[in-house]
Each structure stands twice: as C-alpha cells, then as structure tokens.
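This report asks for a reading of one model alongside its sequence. Please keep both in view while going through the sections below.

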Amino acid sequence: MSNTTELGDVETARRLAADADRAVVKAGTNSLTDDQSNLDDDKLDKLVDDVQDLRSSGTDVLLVSSGAVGAGKGRVGYESETVEQSQALSTVGQSHLMHRYTESFDRYDQKVAQILITQSDLDNPDRFTNFTNTIETLLEWGIVPIINENDAVTTEEIRIGDNDMLSSSIAIGSEADLLVTLTDVGGVYRENPKDNPDAERIEAVGHNYGEVQDLIDSSSTASFGGIQTKVAGARSVSEHGIPAIIARSTEDGVLEKIDAGKPVGTVFIPTNGDTDD
C-alpha cells in the first residue's frame with residue numbers, strides 16, 4: 001500500500017460502502033458465463049443471491065449486467081466473428097438472460113425490470129432525465145432494475161466491454177453511494193494474477209492512483225477491456241466522492257461482506273478528484 005493511502009482512509013471507505021443506501025453492482029461476462037462463454041445458471045443464481053443479501057439490509061441495488069452475447073452463443077450455437085454477429089447474438093441472448101434473471105429472482109418473490117441503454121443516452125440530458133426518472137420509480141416500487149448496454153444498436157460497447165464505464169456513469173448520475181464491480185479476479189494486483197497466481201493484491205487505491213495505473217498498464221495484455229476499464233470506472237466514481245470496490249464474483253457472500261464493512265477485493269477511496277497521476 002502506498003504511504004499516501006492511509007489505513008484510516010481505507011477503513012472510512014469501507015464504512016461508507018457498508019452504509020450505502022444505493023449501490024450499483026456490475027457483473028461482468030466472466031461472472032455469468034462458463035468456459036465456453038455460455039450462460040452459467042449457477043453463477044447467475046449466486047449473483048442473484050448476493051444481490052438479495054445486499055437488498056435485505058435495506059440497500060437499493062441497480063444491477064448492471066453483461067452476458068447477453070455469451071447467452072446468445074449458448075442458445076444458437078454460433079460464435080461471433082464480426083461485430084454484426086455479436087449484435088445479432090446479443091438480441092437472442094438478452095431475452096434469455098432476462099428470462100433467467102426473472103426465474104432466479106422469483107425464488108425470492110422479487111420483481112425485476114430490464115433497461116437497455118447506451119452511453120449516448122447517459123450523455124443526452126433529456127434522455128438521462130428519463131432514465132433516472134424510470135430508475136427512481138422502479139426503486140420506489142421495490143423492483144430491481146437490470147441494466148445492460150443496448151448491444152443491438154452499438155458497436156464500441158461490444159468491442160471494448162464498456163459496461164465498466166457505463167456502470168460508473170450510472171453510479172454518478174443516479175447519485176449512488178457505492179459501485180461494486182464483480183469480476184473473475186479478486187481485485188487489482190501488482191502483476192497479472194492469471195499469469196502469476198502469487199501476485200500481490202492491492203488492498204486500496206486512493207492518492208496512489210498513478211502508481212496503480214502504471215502497474216496495470218504494464219501487466220495488462222489488452223488495450224481495451226479487462227482490468228483497465230474496471231479501474232478507470234472505479235477511479236471515475238471515486239473522484240465524485242463515491243467508494244468503489246472491485247471484487248471476485250465467486251467469493252462467498254461477497255456483497256454481504258461489503259455490507260458488513262469487511263475487507264473484500266480492492267477498495268477505491270473517494271478522493272474528490274485529488275489523486276497523484
């Protein structure tokens with residue numbers, strides 16, 4: 001941990017996360033699909049269990065979910081070699097994904113709603129107002145909004161996996177108190193943990209952001225997606241005074257632990273724009 005990220009700041013960030021009244025939870029494709037990129041029912045059910053754990057404490061949850069393209073592959077048996085094929089697969093997969101979410105949340109007698117958006121919707125003031133009004137109404141009704149990018153009409157989101165940045169924009173715009181990004185790794189590491197299982201996890205990111213950025217730039221193999229966009233999204237919300245956590249989706253009771261203020265993954269300390277680049 002950098003000496004500019006003090007223990008007290010970390011504990012304060014965890015406490016803020018635990019006290020959140022509204023959380024955006026983003027689940028990546030790998031948190032919802034199997035090794036063949038097909039929708040994994042067990043993973044989806046665990047995610048729903050975790051969301052309900054958090055909601056049971058009184059926290060409103062906006063669920064940003066990837067996985068439509070993967071779910072489409074499983075339904076039709078095609079692989080996507082072009083953007084157009086990915087878009088077509090997403091249209092098949094999105095309905096299947098929502099069907100499974102509906103089934104899984106039904107175990108708790110919990111209603112859900114689907115919202116498909118693009119970054120342009122969030123950037124347009126009138127559309128964004130409509131979006132937030134819909135969110136507020138759904139939450140007032142006790143319904144869980146499940147949000148995904150509208151892959152059928154966009155291209156960049158499919159190419160770079162931009163649900164990470166989309167979720168940060170939603171967290172900021174909806175005045176959430178917490179962003180949790182669930183992924184297949186346990187946080188941010190000093191080396192790529194998929195290459196080195198003994199890589200050291202970074203407990204917290206705050207004023208040491210520049211150091212962390214250098215580390216992930218050197219350890220990441222892709223120009224887009226992966227840990228880079230997750231870190232960028234987490235940094236964005238932390239600069240708006242919102243704590244963010246990147247954590248492993250398979251960890252037992254991951255959201256319940258966050259709600260209890262326990263150390264989970266990598267926490268991004270709210271900096272209100274004050275970082276060492």
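The sections below cover the basis of the model, strand pairing, salt bridges, a helix and aromatic pairs.

## Basis of the model

The model is predicted: local features require pLDDT of at least 70, side-chain atom pairs count only at pLDDT 80 or more, and totals for chains, interfaces and linings use all residues. Residues are numbered from 1 along each chain as its sequence is written, and side-chain values use heavy atoms, with hydrogens and water left out.

Helices (H or I, at least four residues) and strands (E, at least two) are DSSP runs numbered from the N terminus. Buried denotes under 20% relative accessible area, exposed over 50%, and partly exposed in between, for a 1.4 Å probe and protein chains only.

## Strand E9 and its partners

Strand E9 spans residues 244-248, and four of its five residues are buried, so the strand is largely enclosed by the rest of the structure. Two strands are taken to pair if DSSP finds at least two bridges between them. Strand E5 (residues 178-183) pairs with E9 in the parallel sense over five bridges. Strand E10 (residues 266-268) runs antiparallel to E9, to which it is joined by three bridges.

Ala244 takes part in both pairings: Ala244 is the bridge partner of Leu179, and Ala244 also stands opposite Phe268 in E10.

## Salt bridges

A salt bridge is a side-chain nitrogen of Lys or Arg within 4 Å of a carboxyl oxygen of Asp or Glu. The structure holds 18 of them. Arg14 is buried, at a relative accessible area of 8%. Glu11 forms a salt bridge with Arg14, with the closest N and O atoms 2.9 Å apart. These two residues are three apart in helix H1 (residues 7-18), and therefore separated by about one helical turn. Glu11 is partly exposed, at 35% relative accessibility.

Glu203 also forms a salt bridge with Arg14, and here the closest N and O atoms are 2.6 Å apart. Glu203 lies in the loop between strand E7 (201-202) and strand E8 (204-205), whereas Arg14 is in helix H1, so the pair ties together parts that are 189 residues apart in sequence. Glu203 is partly exposed, at 29% relative accessibility.

A network of salt bridges links Asp41, Asp45, Asp49, Arg100, Glu103 and Arg107. Within it, Arg100 and Glu103 bring their closest N and O atoms to 3.0 Å. Both belong to helix H4 (residues 83-106), three residues and about one helical turn apart. Arg100 is buried at 10% relative accessibility, while Glu103 is partly exposed at 37%.

## Helix H10

Helix H10 (residues 226-238) has 13 residues and reaches 19 Å from its first C-alpha to its last. That is close to the expected 18 Å, a span defined as 1.5 Å times one less than the number of residues. Of its 13 residues, 10 are buried, so H10 is largely enclosed by the rest of the structure. Among the buried residues are Lys230 and Arg235.

## Aromatic pairs

Rings of Phe, Tyr and Trp (its six-membered ring) pair if their centres lie within 6.5 Å; planes under 30 degrees apart count as stacked, over 60 as edge-to-face and the rest as tilted. The count by this rule is two aromatic pairs. The ring centres of Tyr101 and Phe105 are 6.4 Å apart and their planes are at 35 degrees, so this pair is tilted. Tyr101 and Phe105 are both buried.

Phe128 and Phe131 form a tilted pair, at 6.1 Å centre to centre and 35 degrees between the planes. Both lie in helix H6 (residues 125-140), three residues apart, about one turn of the helix. Phe128 is buried at 18% relative accessible area, and Phe131 is buried at 8%.
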